[in-house]
Amino acid sequence: MYSHSTKIRVRYGETDQMGYMYYGNYAQYYEVGRVEMLRSLGMSYSSMEADGIMMPVLELKCKYIKPALYDQEITVKTIIKTLPGIRIFFEYELYNEKEELINIGATTLVFVDMKKNKPTNPPENFMEKLSVFFN
């Protein structure tokens, strides 16, 4: 299993009239979690795309427990519980400043060869960096 946490402050423009983070913004926080997790492994989406691999989202799940509020610092914990194949599964836990669990989510992404526009196995360098956490 590999997990990584990053923090994001809820900005005014992300909230509704009640000061709650708008429900559609949670997917963006998941994306920030994924991007920062890749960076923690020494990878990036842009480097994978430069190598001809893209990772579109196939599925998104989101469960709201408590609202994220304007100006709160939210911790986004991103978790990979199983080594990926053609598909990679991410789970997310969002915590408020009181360390209360406020949201859980999951996404499924697929590795796609950009030249062939077909699913493919994950890049070898990505698997090498990730597999050390699963031994």
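Reader: Which residues do ring pairs link into a cluster?

Author: Tyr30, Phe90 and Tyr92 form that cluster. Rings of Phe, Tyr and Trp (its six-membered ring) pair if their centres lie within 6.5 Å. This is a predicted model, where local features need pLDDT of at least 70, side-chain atom pairs count only at pLDDT 80 or more, and totals for chains, interfaces and linings use all residues. Residues are numbered from 1 along each chain as its sequence is written, and side-chain values use heavy atoms, with hydrogens and water left out.

Reader: How many aromatic pairs does the structure hold?

Author: There are 7 aromatic pairs. A pair of aromatic rings is described by the distance of the centres and the angle of the planes. Planes under 30 degrees apart count as stacked, over 60 as edge-to-face and the rest as tilted. Take Tyr2 and Phe133: their planes stand at 45° with centres 4.3 Å apart, so the pair is tilted.

Reader: Which parts does the pair of Tyr2 and Phe133 tie together?

Author: Tyr2 lies in strand 1 and Phe133 in the segment after helix 3 (124-131), so the pair ties together parts 131 residues apart in sequence. Helices (H or I, at least four residues) and strands (E, at least two) are DSSP runs, numbered from the N terminus.

Reader: Is Tyr2 buried or exposed?

Author: Buried means under 20% relative accessible area, exposed over 50%, partly exposed in between (1.4 Å probe, protein chains only). Tyr2 is buried, at 8%. Phe133 is partly exposed, at 37%.

Reader: Why is the pair of Tyr26 and Tyr64 edge-to-face?

Author: The planes of Tyr26 and Tyr64 are at 80°, so the pair is edge-to-face. Their ring centres are 5.0 Å apart.
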